[in-house]
Amino acid sequence: MNEGKTYWLDRKENVTIVYRAVWAVCGLLLLVDPLVHKHEAFGFAEWFGFFGFFGFFACVGLVLTAKALRRVLKRPENYYEH
Amino acid sequence: MSIEFPTALILILGALAVPFLRGRVRALWMLALPVLAFAHLVVMPTGEYVQPGFLGQTLVLMRVDRLSLAFGYIFTIATLLNVIYSLHEDDPYQQVAALAYAGSALGAVFAGDLITLFIYWELTAVTSVVLIWARRTERARRAAMRYLLVQLASGMLLLAGAVVHFQASGSIRFDLLGVGAPGSWLILLAFGIKCAFPLLHNWLQDAYPEATVTGTVWLSAFTTKLAVYALARGYAGTEMLIWIGAVMTAFPIFYAVIENDLRRVLAYSLNNQLGFMVVGVGIGTELAINGTVAHAFSHILYKALLFMSMGAVLLRAGTVNGSQLGGLYKSMPWTTGFCIVGAASISAFPLFSGFISKALILGAAADGGYTITWLVLLFASAGVFHHSGIKIPYFAFFAHDSKIRCAEAPRNMLIAMGLTAVLCVGIGVYPDALYRLLPHAVTFVPYTSAHVLTQLQLLLFSALAFSVLMRTGLYPPELRAVNLDCDWFYRKLAPALVGVATTLIGAFRQIASEVMGRLGAPLARVIRETHGDGGPLSKTLSTGTMALWISMLLAAYLVMYYV
């Protein structure tokens, strides 16, 4: 199926476009942040861009911690087989 | 004909007819059963029906109220979608088990007493295990046995708890128990096993990915959500559950990040989503219970959709290992699209189902002032987008091209995924449809500009984190490996201990037999000399002598006493 066909995402520069688009959308979400009136139960949640920064650092922390956990938890694929 | 009969029987008795039907008739029959069951629930007025006597107690086979109905509706909807998804298979063994399994879960939801609950509880275990066995590999067979043992243990605990509860209270009714009621801890433990509480969770990640292509989708819908229902019924407002649930949302996502089998990744994220529901039960306010029910409802749909898409990949590409997949969007564009809808729903993107259900639980946590819990849930929300929302579609359908070229999923699978996707979006766009089914009236408004903005910030910045880690090469690659979890204790430690014990006992036997071999003959001679005929220890003494000795002892005692 579609052996020879080249897809849009097959080109490296297009992946870079996607990558930059993510940055751009995030920037945009920060720009509109002051325009929206928030009514959070916790005061700190109303800080500028709180949810964005929380999400970014939560994920970086999550991935790096999980990566470190691999050193302790990783076993060969057939570990339980014998 | 009276409509007052257990809805579960439509599916369970209907399942028994399946092996006798062929081809299109069987397909139509299987499609008709969940539709009939759903219609039955729609016409049943609230109340309690079918109450046979049992050992002087009254069983309640059909308790219809808003809580049981909400779960009843979604269970029958899930049954219909799963039937469509598995129509391409001609395996009556699985088809009977799957329908009976769905029926048992339905029966348990409508059970008004602990004995009926127990019977259906066990039925879900013995019917669902067939869906793992049916993979027909040694690996699946062993996983199925472990699964069955854990499930039956949960049932035994439930029965024990019910008996203790009955002896103390004289009632077998299943209403709000709380941890103060007699036998309550046993019942909570039984529910906790089935709900995959932390440290009791590993049967889920162990067994679900080993089931058949369609079996995993069936399994994902019923067992754990039945446990959520049971918790909501029996333990609403039990504060301990807030902490248990919060831990549940957080720790499985670390495993999900480094797991290679994408169906196991989904099993970890299933566990994480259950955590949100358990937190809702623990908070126990009307808003929180609504949140739990709503989230269970939308979760069953988007989780089924994700498992369906990975099932299609397993069927067509022959593997769901992230390390071997990639670029499948070229071969399976529809499956890719449906998977992304499921991913957006579980991640709680605005306009998708997770957005309008998870928000109720986070709102309830905020209202109750549970700051730490709220932060943990927020962390888990970012994390779930990361591993279910991005990792699953990315490694299966995009990433580097694995050069696997396969056919698109069978048409029935595409239809099932399409319908499920429509429901996921439908609930997200029109939340009132779901809110109207919830146990309590809903005043919550999910679509405010602040909520949409903050949620988009959380998700897009999580996506940014993924992109940055990918571009910088810091993201851990998918590796062919297993990661140690709680099952290590019973899959490695316990057999190792048995091994050590066997070796020790063997060694002891050897030493003992050698010692006896060498010492045996001389020892026997000594024993014969002392205890044998005429030996000093086998002499008979006269009664008089004995009496004399006793009186002397008594006299000595008296003297000692006065001294």
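1. Two residues are in contact if their C-beta atoms, placed from the backbone, lie within 7 Å, and by that rule 42 residues of chain B are in contact with 42 residues of chain A. This is a predicted model, in which local features need pLDDT of at least 70 and side-chain atom pairs count only at pLDDT 80 or more, while totals for chains, interfaces and linings use all residues. Residues are numbered from 1 along each chain as its sequence is written, and chains are lettered from A, with ligands numbered from 1, in the order in which they are written.

2. On the side of chain B that touches chain A, at least two residues each come from H10, H14 (353-367), H15 (371-397), H18 (449-471) and strand S5 (482-483); here helices (H or I, at least four residues) and strands (E, at least two) are DSSP runs, numbered from the N terminus. The largest share, 18 residues, is supplied by H18(B). By class, this side of chain B has 26 nonpolar, 10 polar and six charged residues, where Ala, Val, Leu, Ile, Met, Phe, Trp, Tyr, Cys and Pro count as nonpolar, Asp, Glu, Lys and Arg as charged, and the others, Gly among them, as polar.

3. Helix H2 of chain A (residues 50-73) packs against helix H10 of chain B (residues 240-258) at an angle of about 70°, and their axes are 9 Å apart; axes are lines fitted to C-alpha atoms, for helices over the stretch in contact, and angles run from 0 to 180 degrees between N-to-C directions. H2(A) is therefore roughly perpendicular to H10(B), a label given to angles of 65 to 115 degrees, whereas those under 35 count as roughly parallel, those over 145 as roughly antiparallel and the rest as oblique. Residues making this contact include A:Leu62 and A:Leu69 from H2(A), and B:Ile253 and B:Phe254 from H10(B).

4. Strand S1 of chain A (residues 74-75) and S5(B) are joined by two bridges and run antiparallel; strands pair if DSSP finds at least two bridges between them. Within this pairing, A:Arg75 stands opposite B:Val482.

5. Within chain B, B:Arg173 is found in the loop between helix H6 (138-169) and helix H7 (184-194). B:Arg173 counts as partly exposed because 15 other C-beta atoms lie within 10 Å, given that a residue is buried with 20 or more such atoms, exposed with 12 or fewer, and partly exposed in between. Not counting residues up to four places away in sequence, B:Arg173 touches B:Gly112 and B:Asp113.
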